[in-house]
Amino acid sequence: MDKFIFRNGDEMPALGLGTWKSAPGEVYEAVREALKIGYRHIDCAAFYGNEPEIGRAFVDAFDSGNVKREDLWVTSKLWNNAHLKEDVKPALGKTLKDLQLDYIDLYLIHWPVALKPGVQFPSSANDFLSIDDAPTAATWEAMEACVKDGLSKHIGVSNFSIKKIRKLLDNCEIKPEVNQIELHPFHQQPGMLEFCNKENIVLTAYSPLGSPDRPSQFKDPHEPSLFENPTIAEIANANGLAPAQVLIRWAIQRGTSVIPKSVNPLRLKQNFDSAAILLSDKDMKKIAALEAKRRLITGKFWDAPELGYSMSTLWDE
Ligand code: A2P
């Protein structure tokens with residue numbers, strides 16, 4: 001299994017299990033099964049609403065000897081409603097309680113967007129805090145305190161642009177070690193990959209399969225399918241692979257971590273087996289040519305120009 005080695009020697013397996021959209025009632029079995037298959041990296045977030053059930057799966061997996069805590073990499077994310085300095089540690093405390101862990105391996109700021117405490121999802125601009133009222137630098141200081149207090153081994157960001165990471169790097173004591181963003185053949189972000197490699201930041205690919213199961217209000221009915229793309233299908237057929245395996249292996253082989261979500265035992269295994277495949281340079285180039293700058297998770301739900309949030313300020317594009 002490819003892995004990323006951090007400055008302190010900690011190792012994060014390149015392939016992890018995504019849990020966004022893994023419903024309560026399904027995610028316990030998915031995590032237990034994944035740990036039996038050999039997954040050692042589980043990607044979580046408070047916002048996904050399933051951390052208590054994932055915590056039960058961890059406890060039972062540890063008790064039954066499937067895996068030891070120290071052999072497992074667990075990531076979670078700070079939700080947007082806890083960006084105020086005083087709210088960060090309690091938010092991580094809640095995640096640790098839900099996951100039934102003493103520490104997590106990686107804590108990420110989920111989005112560079114702040115909501116008022118108590119707001120899960122905004123229904124109007126009134127639900128946001130402006131960046132002046134909740135500056136990222138202050139949130140980051142509280143993230144650093146989580147490392148100092150031993151609650152998270154590593155900290156990073158998610159959905160951050162190069163510009164926002166640069167600003168953090170210029171002002172931080174502990175550098176962000178990971179940026180988790182949308183990455184797949186239709187949205188490859190090569191500039192971000194180059195920047196992160198240069199800055200020693202691990203890039204993690206979310207929605208590597210295009211997240212076809214996401215809620216319809218966040219979906220363009222005409223969006224292209226990665227699974228049905230003729231190039232992906234052709235490479236899959238020629239190598240006796242499933243399209244999902246081509247997508248996962250491509251992500252690992254270009255040097256990113258990747259967190260495909262599944263709650264299906266056969267697909268969990270199929271996805272895990274992608275880590276051991278090798279794609280030819282020719283196939284890697286064919287996939288690189290699919291770049292369409294096509295973001296599927298547009299972030300439109302964070303549009304609140306009155307408070308300084310728009311698509312251009314979000315992605316800095
Ligand atoms: P399921 O959970 O039923 O397996 P993403 O990781 O980009 O968010 O995509 C997750 C979606 O892809 C889910 O609908 C998941 O369904 C599906 N999926 C995961 N693995 C595979 C696979 N190997 N083949 C086909 N679909 C898959």
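## Parallel sheet, helices and cores

V178 stands across from V202, a residue of strand 11. Strand 10 (residues 178-182) and strand 11 (residues 202-206) run parallel and are joined by 5 bridges. Both belong to an open, parallel sheet of 8 strands, ordered 3-4-5-6-9-10-11-12.

This is a predicted model, where local features need pLDDT of at least 70 and side-chain atom pairs count only at pLDDT 80 or more, while totals for chains, interfaces and linings use all residues. Residues are numbered from 1 along each chain as its sequence is written, and side-chain values use heavy atoms, leaving out hydrogens and water.

**The sheet**

- Helices (H or I, at least four residues) and strands (E, at least two) are DSSP runs, numbered from the N terminus; two strands pair if DSSP finds at least two bridges between them.
- In the order 3-4-5-6-9-10-11-12, the edges are strand 3 (17-18) and strand 12 (257-258), each pairing on one side only.
- Helix 4 (residues 136-148) packs on this sheet and touches strand 5 (73-78), strand 6 (104-109) and strand 9 (152-158). Its direction makes about 155° with that of strand 9 (angles run from 0 to 180 degrees between N-to-C directions, with axes being lines fitted to C-alpha atoms, for helices over the stretch in contact).
- Strand 9 has strand 6 as a parallel partner, over 5 bridges, and I104 has S152 of strand 9 as its bridge partner.
- Strand 9 also runs parallel to strand 10, joined by 2 bridges; here S158 sits opposite Q180 of strand 10.
- Strand 9 is largely enclosed by the rest of the structure, because 6 of its 7 residues are buried (buried means under 20% relative accessible area, exposed over 50%, and partly exposed in between, with a 1.4 Å probe and protein chains only).

**Strand 11**

- With 5 of the 5 residues buried, strand 11 is largely enclosed by the rest of the structure.
- V202, T204 and Y206 point one way from strand 11, L203 and A205 point the other way, and all are buried.
- A205 of strand 11 has I181 opposite.

**Helix 1 and V31**

- Helix 1 (residues 27-37) buries V27, A30, V31, R32, A34 and L35. These buried residues pack against strand 3, strand 4 (41-43), helix 2 and helix 9.
- V31 sits in helix 1 and is buried, its relative accessible area being 0%.
- Setting aside residues up to four places away in sequence, V31 touches L17, I54, A57 and F58 (contact means heavy atoms within 4.5 Å).
- V31 and D273 are 242 residues apart in sequence, yet their C-alpha atoms are 16 Å apart in space.

**Helix 2 against helix 3**

- Helix 2 (residues 51-63) and helix 3 (residues 85-99) have axes that come within 6 Å and cross at roughly 45°.
- That makes helix 2 oblique to helix 3 (under 35 degrees counts as roughly parallel, over 145 as roughly antiparallel, 65 to 115 as roughly perpendicular and the rest as oblique).
- Helix 2 brings E51, P52, I54, G55 and F58 to the contact, and helix 3 brings T95, D98 and L99.
- By type, the residues of this contact split into 4 nonpolar, 2 polar and 2 charged (Ala, Val, Leu, Ile, Met, Phe, Trp, Tyr, Cys and Pro count as nonpolar, Asp, Glu, Lys and Arg as charged, and the others, Gly among them, as polar).

- The largest nonpolar core has 80 residues, and F58 and Y107 touch the most other members (a nonpolar core is a set of buried Ala, Val, Leu, Ile, Met, Phe, Trp, Tyr and Cys residues joined through side-chain atoms within 4.5 Å).
- Helix 8 (residues 243-253) gives the most to this core, 7 residues.
- Apart from this core lies another one of 18 residues, including W111, A125, Y206 and I297.
- Leaving out neighbours within four places in sequence, Y107 is in contact with S76, K77, L78, V88, A91, L92, M143, S152, H154, I155 and G156.
- Helix 8 is mostly covered, with 9 of its 11 residues buried: A244, Q245, V246, L247, I248, R249, W250, A251 and I252.
- Those buried residues of helix 8 pack against helix 7 (230-239), strand 12, helix 9 (265-273) and helix 10 (281-288).
- G255 follows helix 8, with a positive phi near 100°.
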